[in-house]
Amino acid sequence: MKALVLRENSFQIEDFTAPECNEREVLVKLKFAALNHRDEWIRAGKYAKIQYPSILGSDGVGEVVATGGAEGEGLIGKNVLINPNINWGDHNAYQDMKDYEILGMPSFGTLAEFISVDIDRVNQIPDHLSESEAAALPLAGLTAYNALFNKGKAHKDMNILISGVGGGVAQFAFQFALAIGAKVWVTSSKEEVLEKCIEMGASGRVNYHRPEAYSQIKQESGGIDLIIDSAGGDGLNDLLSTLNPGGKYVFYGATRGIPSNLNLRMIFWKHLSLLGTTMGSDEDFKNMLAFVEKHKIHPIIDKIYPFENVVDAFDLMKAGFQFGKIVVEV
């Protein structure tokens, strides 16, 4: 089969041995895959415990073409959406710290013609979504759902701030928060992204490079109840300053690194909660799909690349100019 293979000194489409279909597994002929920042971080060598060779890609949609046992025979010929969780474990609130993996390294991922996955990893595609839209949903949609609803306890009466809204998880958090009727503020460094969010229903927006950005948010909103963020870094205190007493800051990344200082007095005096999260359980995945179907949410797609131009898709993600998910037609 053709696959995008990451080796220690190369990253290109190669002929690669097609996966076997073991018992309780199904073989999926992929139609669409989507990129996440995780894929680019692995390509750039900025991810822990990288293994070679690797086939990247956590998100995918395709047709079940074979099964390793009788249990999956009813799925043959059906188009399915793949859950990228592997070995989440028995605790719904957090993953198994020893055995948990995300599809696409070390296990071979979706940027290939075929993939073999456990039968319980495949799900029905929400009826209102195209195959390319569905492929954009799994990892980012799951992370956003867990951050917003499980950790953040989001509801319609909240003022919610989504930082760095150009990213995939942030965009889903933005769409999900709008869907429940919350008032949503967004930050970005790109004016065109901010304008698009206003068109989609954001209550306010600021360019986070402007010195008055967070005082403006606090003044306009009357105070934020929930922040969803992936940056961290030395802007953290500015973000926290927008929160109302009892507010929550939920973060799923630290792309700006560890903050050099943290205003602990503000945190304890205002009874703020700082909550970490990553991905979500299999139950969360099913709940996320049901939420997307109920509210007829369509993922924002920036561009669809043919598979032969998949490296160009990675370069676009690295440059950071996209608004929406980058999808690859396999």
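Leaving aside neighbours within four places in sequence, with which residues is M288 in contact? In this predicted model, local features require pLDDT of at least 70 and side-chain atom pairs count only at pLDDT 80 or more, whereas totals for chains, interfaces and linings use all residues. Residues are numbered from 1 along each chain as its sequence is written, and side-chain values use heavy atoms, with hydrogens and water left out. Beyond those neighbours, M288 is in contact (heavy atoms within 4.5 Å) with L137, P138, G141, L142, Y145 and F176.

M288 also belongs to the largest nonpolar core, of 55 residues, where it is among those with the most contacts inside the core, together with L148, I160, I162, F176, V186 and I228. Helix α3 (residues 138–151) contributes the largest share of this core, eight residues. A second, separate core comprises 19 residues, including F11, I50, V310 and F314. Such a core is a set of buried Ala, Val, Leu, Ile, Met, Phe, Trp, Tyr and Cys residues joined through side-chain atoms within 4.5 Å, buried denoting under 20% relative accessible area (1.4 Å probe, protein chains only). Helices (H or I, at least four residues) and strands (E, at least two) are DSSP runs, numbered from the N terminus.

An open sheet is formed by six strands in the order β13-β12-β11-β14-β15-β16, with parallel pairing; two strands pair if DSSP finds at least two bridges between them. Its edges are β13 (204–207) and β16 (273–276), each pairing on one side only. Within the sheet, β11 (residues 159–162) and β12 (residues 183–188) pair over four bridges in the parallel sense, and L161 stands opposite W185 in β12.

Definitions and conventions:
Buried means under 20% relative accessible area, exposed over 50%, partly exposed in between (1.4 Å probe, protein chains only).
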